[in-house]
Each structure stands twice: as structure tokens, then as C-alpha cells.
Amino acid sequence: MSLTEEVARRRTFAIISHPDAGKTTLTEKLLLFAGAIQIAGSVKARKASRHAASDWMEIEKQRGISVASSVMQMEYRDCVINLLDTPGHQDFSEDTYRVLTAVDAALMVIDAANGVEPQTIRLLQVCRARNTPIITFINKLDREVREPLDLLSEIEGHLGMDAIPFSWPVGMGRHFGGVFDLRHDRMRVFRPGSERHRDDDETIEGLDNPELAARFGDAHAKAAEEIELITGAMPAFDPEAFLAGRQTPVFFGSAINNFGVREVLDALVELAPAPGPRAALERSVLPAEPKFTGVVFKVQANMDPAHRDRVAFVRVSSGKFERGMRLKVARNGKEIRPNNVVSFLSQRREIVEEAYAGDIIGIPNHGILQLGDVLTEGESLTFTGLPFFAPELFQAVEVKDPLRTKQLRTGLTQLGEEGAIQVFRPEAAGGALLLGAVGQLQFEVVAHRLKTEYGVDARLMPSRYSLARWITSPDPKALKKFMDANAANIAHDVVDAVAFLASSPAQLRVAQERYPDIEFHTMREHA
Ligand code: G4P
């Protein structure tokens, strides 16, 4: 198969939802329908991660699972589908944002009883900012849930895009009869249970088929009325509007009952885009270019804490990856020759022989690869768009045993490079290191990992800062002047980017007014 053909059959997407909407369940079912081996256990095991720090840590101990199940690859109808999981817990939303930079589409799971929930809204904003096409799955129709028309208008309200139903539910809860496939004018009849597989659903042709009225009575009459209403009022599905993030196709189903899952897979294959060009500062990189390029969008500590291995997750942007090929880290020109690169085919961590644009490969390393790193066959390239967000919570960190200061620094540097937390080194001499987070749980996890992985008992203390802004200026002199005048509030992050730390919004406002030459950024893109 040619490079162009390999690219054309790739689909890379992330699955996003508010906790409990059914993301884990749907993931399992997608794998099942794509014929991947039974993996129910390992996907399910990750679920605990959303509840409490202790659960999360317990799970993280079994890193083998979480590394492997955060990326899954499967084949369906001649397509290679890469599915990227996102952390359910909102305290790890930064991680999620970065995962979203590595995909070409997103699958949004909504609990039909709850509609669009806060965590989903935030994730959607990130998708919207990047114009990521979104496919919507409304789950749990086997329960008493909200009216489908209300759900659609809620989605439209929150997403600011048209929700175009591809299927429509007939009844719900105890009276859930199935979904009507609007594109093929046939009903797929619901049968509860999760034993069924792929092709044994009953279907009935035609909305006006008397058999439907006879079997589903009121539920059918109501659905037929609603379908007439929406087909009259909704714009037609427009693939271009979908690809531009202006329309989302909507499917109804019940993941736990394997119902509506196949339609989602079909939509991914038929509607979701193959990998496209990626913007680098220097030029636009095309997926079928012969030379390999890729970006590290996630770094995760490996299973064995004693060895401090990490796995860098690389999204292939162009060319073909082959095992043992020589690659250059664009940031510092260092060469690597990854041999034991892992793929994530059906949950088994397998050695990759080759990978194409859209695929994710895991490169084990000892710290040579950082978040945002670009790998090439020699070209110097900087990809844009891997975001770091200004932290909203701060704590100062000290080590209880001063003899372990070095270990603390090593640990924090590595955890910072992994993106587990942001680490700020104050400009002023003698200042304690500062940790910045988006969610409280990040602090707990970092303290736990410092102890277990680096043997450091860290003391976390309240900090007087409450916000941070990265600062730049077109005029280096103005920047220097600002830094000198505000030395007590200046800090450097792990890549030495300069930040201004403030104890209140008022303090930030004053600085902004006084120094119009300085730009204050809430987001930094790795560059
Ligand atoms: P998440 O990853 O988005 O957090 O959700 P997850 O799949 O874990 O599902 C959350 C709960 O919703 C689970 O129940 C799951 O069984 C249930 N669920 C998922 N899909 C459906 C569906 O189509 N219909 C119904 N009725 N329930 C569904 P739980 O009680 O929290 O866990 P468990 O005891 O089932 O493991």
C-alpha cells in the first residue's frame, strides 16, 4: 500500500465526556465491534481514576495498564482507527487538552439523562478553538431520560454548532424500542443485553411500515412526529460544515447494551477525516510526505519506578516510521534510534514495525524526550499548538530532609517535563520552588510520586500567589526592565519561560497598566 493510501485509511480521534456518561463502556464496545480482543477488564480498571487520589494512585501503580489503554488501535472496514482516551477527572484537564492536539476528530459521549455537563463544555471549547470535528453519541436510552429534542437544542446551545441527528430514538427506558436510522430509512430494534455481537440486530424498513406502528404504538407515533419536525427544520448534513466544526452528527444508543455502537464506528470511517496537514512555524507538513515527522504530546512515567523510564507518546505527522530509524530531536539536535517502540494494537503492547501519519507510537526513554518535542529525519521543525495553561492553584514545596534537596529538584524537573504539574523557580534567591496546578489532585499525586519514585518527603505549603502569566515583549529591554522592577514576582518554568506571579487579579491589572510593552499570556505553546 502506498503512503497516500495508508494515510487515507487512518482515523485518529479522542473520546471525551463528563465522568459517568459512559466513555469507558463505549470504548470497550468500540473495540469489541472492531473485533479487537477482549479487553473489558483493562479498560474498566482505569475507571477508578476519576474518583479519588488514592484510587488514581492505586491505578497508576499498575502503569502497564494505563499506558497501554490510553491509546488503542483497531482495524475496522479497512480503516486503522486510533482511539485516544482522555482522563475523566477534571483535575487532569491539562492532559486532556494536549491529547486533543493529537487527534483529527473527537467523539463526545453524553448521558441522555444529564445532557451537556460542565466537564464536557470545557473540553468542547478546546475542540471548538481548534475546529476539531465532533461526532456525538447520546447514551443510556434504555433509561428514563430527557426528551431527544431538548437534548439536541442543549447541544446546539453549548456547542454553538448545528446538531444533525443521524438516528432517532423510538421510546426510552422500559419502552425503548430502538433507533430509527434516518439515512437508511430503517429501524434497528433494541434488544437488551451485552452478549450480542455485530450483525444480529433485527431491522425493519421504512418509517411508515405498518409493522412499526403495530409493535411500537405510541413510541413510534411520537418518534414519527418528531422525525417529521426535525427533517423539516434542520439543515441537511454538510460534510464540509462537519469538518470545519460547524455541524455535529448525532447518534442515539445504549453503550452497555451494545446498541448504536456500530453506527458510531461507521460514522468514524465514513465521516471523520483522515490525517491532514499540520502547521509548523517553518511550513505546513503534509501527511504523505516521504520523510517522518512527529510530535510528543504526552509523556508518561513507565511501569517500573525504579528505572525512571518514561514513555513519550508521539503522534506521527508525516512519512513512515520504521523501527530502528535514526531520528533527530529538533529542540537540541540530539539523535535517537528507537528500537523498542511500542504500538497499542488491541491493548497488547506490541513492538512497532511501522507507523504512518495519524498513528501514535510510544518511545521509551530516560528523559531525552519532553512534551512538545518534534522528531524528524534531520529537518529543524517547530510544531505549534501544544498548550500549557496558566495554573490557578499554587503551593510552595520544600523537602523535609535538606540532604534530599537534589532528589527533590530532579523529581520535580522530571514531573514538570511530563506535564504532571508546573514547576516554577523564583528569580529571587532563596525562594522555595513553586508548584502550579489546574486541579488540586495534581498536588496530591505529585507528592505521592515524589515519595514513591524519588524517595523524597516533600512538604507542600500554601503560597501567596494565586495566578501566573507568561510574559514576553517585542522589546527585550522593556522585558528586562519589568523583570528587574518586579523581581520578587518573577519565576522561570521547566523550559525556562519567564512568568509573572501575582497574589491577586488587582496586582496583575496594575502591572498590565503600568507596563503596556509587556504581553501577559494565559497560555504558552511549547516552542
Ligand atoms: P465513564 O467512563 O464516562 O465514567 O462511564 P462508564 O462507562 O464507567 O459508565 C458509567 C456508568 O454508566 C456505569 O455504571 C455503566 O455501567 C453505566 N452505563 C454505561 N452505558 C450505559 C447504558 O447505555 N445504559 C445504562 N443504563 N447504563 C450505562 P456504574 O454503576 O457506575 O458502574 P458498573 O457498576 O456498571 O461498573
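This is a predicted model: local features need pLDDT of at least 70, side-chain atom pairs count only at pLDDT 80 or more; totals for chains, interfaces and linings use all residues.

**Around the ligand**
- The ligand has 19 residues around it, and the closest are Gly22, Lys23, Thr24, Thr25 and Ser254.
- Helix α2, covering residues 23-33, gives the largest share of that shell, with 3 residues.

**The eight-stranded sheet**
- Follow the strands across this open sheet of 8 and you get β28-β25-β27-β26-β30-β31-β29-β32, paired antiparallel.
- At the edges sit β28 (458-462) and β32 (519-521); each has a single partner strand, so one side of each has no neighbour in the sheet.
- From one strand to the next, the twist averages 40°.
- Zoom in on β26 (residues 422-426) and β27 (residues 433-437): they run antiparallel and are joined by 3 bridges.
- Val423 has Leu435, in β27, as its bridge partner.
- Helix α12 (residues 405-418) lies across β25 (393-399), β26, β27 and β28, and runs at about 130° to β26.

**A look at Phe190**
- You'll find Phe190 in the loop between β9 (186-189) and β10 (203-205).
- Is Phe190 buried or exposed? Phe190 counts as buried, because it has 22 C-beta neighbours inside 10 Å, and the cut-off for buried is 20 or more.
- Beyond its neighbours within four places in sequence, Phe190 is in contact with Phe176, Gly177, Gly178 and Phe259.
- Ser284 is 94 residues from Phe190 along the chain, and their C-alpha atoms are separated by 47 Å.

Terms used:
Residues are numbered from 1 along each chain as its sequence is written. A residue is near a molecule or strand if its C-beta atom, placed from the backbone, lies within 6 Å of it. Helices (H or I, at least four residues) and strands (E, at least two) are DSSP runs, numbered from the N terminus. Two strands pair if DSSP finds at least two bridges between them. Axes are lines fitted to C-alpha atoms, for helices over the stretch in contact, and angles run from 0 to 180 degrees between N-to-C directions. Two residues are in contact if their C-beta atoms, placed from the backbone, lie within 7 Å. A residue is buried if 20 or more other C-beta atoms lie within 10 Å of its own, exposed if 12 or fewer, and partly exposed in between; C-beta atoms are placed from the backbone.
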